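The following paragraphs lead through the architecture of a single protein chain. Please keep the sequence and the coordinates in view while reading.

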Amino acid sequence: MTWQKKYPQLLHNRALFTYNDAMQEFFKQYKTSGDYQLSNCFTSVLGQFLKKMPADDYVPIPTDTKSYQRRGFNPVCGIFGKVVPLYECLNKRELPVKQAHKNRSERLATAQPFQANMDKCRPLAGKQIILLDDVYTTGRTLFHARDCLLRAVPSLKITTVTLAR
C-alpha cells in the first residue's frame with residue numbers, strides 16, 4: 001500500500017529549513033547534548049514566519065517522559081515556545097526505539113504513540129491549529145498527532161510547521 005493510498009488526506013507542512021549536515025549537527029547539540037540555549041537560534045525567523053500563518057492555537061509535538069527527564073526540556077517547546085503561546089493537549093508514550101534510530105520503513109510502521117488529553121482538546125473544536133515539530137523526516141509523527149487530534153476533535157482544521165525537512 002502506498003503512502004498516499006494509506007493517508008489520502010495529506011499533511012500541509014511548511015518547513016523553514018532543509019535538514020542538511022549543519023542542521024543535523026544543530027539537533028545533535030541541541031537534543032542529544034541538551035544544549036537548551038540553542039533554542040534561541042531561530043526565534044527571529046520563526047516569529048516572522050508564523051506571523052504569516054495565523055492560527056487560533058499552536059500545538060507542539062510532545063516528548064515522552066524518559067526523553068524529557070534526560071534532557072530537562074521538550075525540544076519542540078524550546079524552539080517554538082519563545083515565539084508563540086503553545087497549547088499542550090497531547091501525551092506521548094515512550095517508544096522502545098527512538099524515531100532517529102529507525103530507517104524509513106521502520107518509521108512508517110511505527111504504531112500510534114499519542115493520546116489526546118480530552119479535557120484540553122475539547123476547547124479546540126472548530127479552530128484552526130498549527131501542529132509544530134522540529135524535524136519532518138517521513139511525516140509519520142505528524143500524521144499520528146494529526147490523526148489523534150482529529151479523533152478527539154473532528155472539527156479541527158490542522159496545518160503543520162516544522163523547523164526542518
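This is a predicted model: local features need pLDDT of at least 70, side-chain atom pairs count only at pLDDT 80 or more; totals for chains, interfaces and linings use all residues.

Phenylalanine 26 and phenylalanine 27 are both buried, where buried means under 20% relative accessible area, exposed over 50%, and partly exposed in between, with a 1.4 Å probe and protein chains only. Residues are numbered from 1 along each chain as its sequence is written, and side-chain values use heavy atoms, with hydrogens and water left out.

The search of the whole structure returns 7 aromatic pairs. Rings of Phe, Tyr and Trp (its six-membered ring) pair if their centres lie within 6.5 Å; planes under 30 degrees apart count as stacked, over 60 as edge-to-face, and the rest as tilted. Phenylalanine 26 and phenylalanine 27 form an edge-to-face pair, with 5.0 Å from centre to centre and 75° between the planes. The rings of phenylalanine 26 and tyrosine 30 have centres 5.5 Å apart and planes at 20°, so this pair is stacked. Phenylalanine 26 and tyrosine 30 are both buried. Because they are 4 residues apart in helix α2, about one helical turn separates them. Ring pairs link Phe17, Tyr19, Phe26, Phe27, Tyr30, Tyr36, Phe42 and Phe73 into a cluster.

The secondary structure of the chain amounts to 8 helices and 6 strands; helices (H or I, at least four residues) and strands (E, at least two) are DSSP runs, numbered from the N terminus. Read from the N terminus, the elements follow the order α-β-α-α-β-α-α-β-α-β-α-β-α-β.

β1 and β6 run parallel and are joined by 4 bridges, and asparagine 13 stands opposite threonine 160 in β6. Strand β5 (residues 128–135) is joined to strand β6 (residues 157–164) by 7 bridges, again in the parallel sense. Isoleucine 129 has isoleucine 158 as its bridge partner in β6, and aspartate 133 has threonine 162 as its bridge partner in β6. β2 and β5 pair in the parallel sense over 4 bridges, and the partner of proline 60 in β5 is leucine 132.

In a regular strand the side chains alternate between the two faces of the sheet. In β2, Asp57 and Val59 point one way and Tyr58 and Pro60 the other way, and all are buried. β6 is mostly covered, with 6 of its 8 residues buried.

Is threonine 65 buried or exposed? Its relative accessibility is 52%, so threonine 65 counts as exposed. Threonine 65 belongs to helix α4 (residues 65–71). Between threonine 65 and phenylalanine 114 there are 49 residues of sequence separation and 12 Å in space, C-alpha to C-alpha.

The chain as a whole remains to be described. Of its 165 residues, 45% count as buried. A compact globule with 165 residues would have a radius of gyration near 15 Å, and the chain has 15 Å, which agrees; the radius is taken over C-alpha atoms, and the globule rule is 2.2 Å times the number of residues to the power 0.38. The C-alpha trace spans about 40 × 35 × 30 Å along its principal axes. Among contacts with a separation of 6 or more, 82% involve residues 24 or more positions apart. The accessible surface, from the Shrake-Rupley method with a 1.4 Å probe, comes to about 9000 Å², of which 50% belongs to carbon and sulfur atoms.

Definitions and conventions
Two strands pair if DSSP finds at least two bridges between them. Contact means heavy atoms within 4.5 Å.
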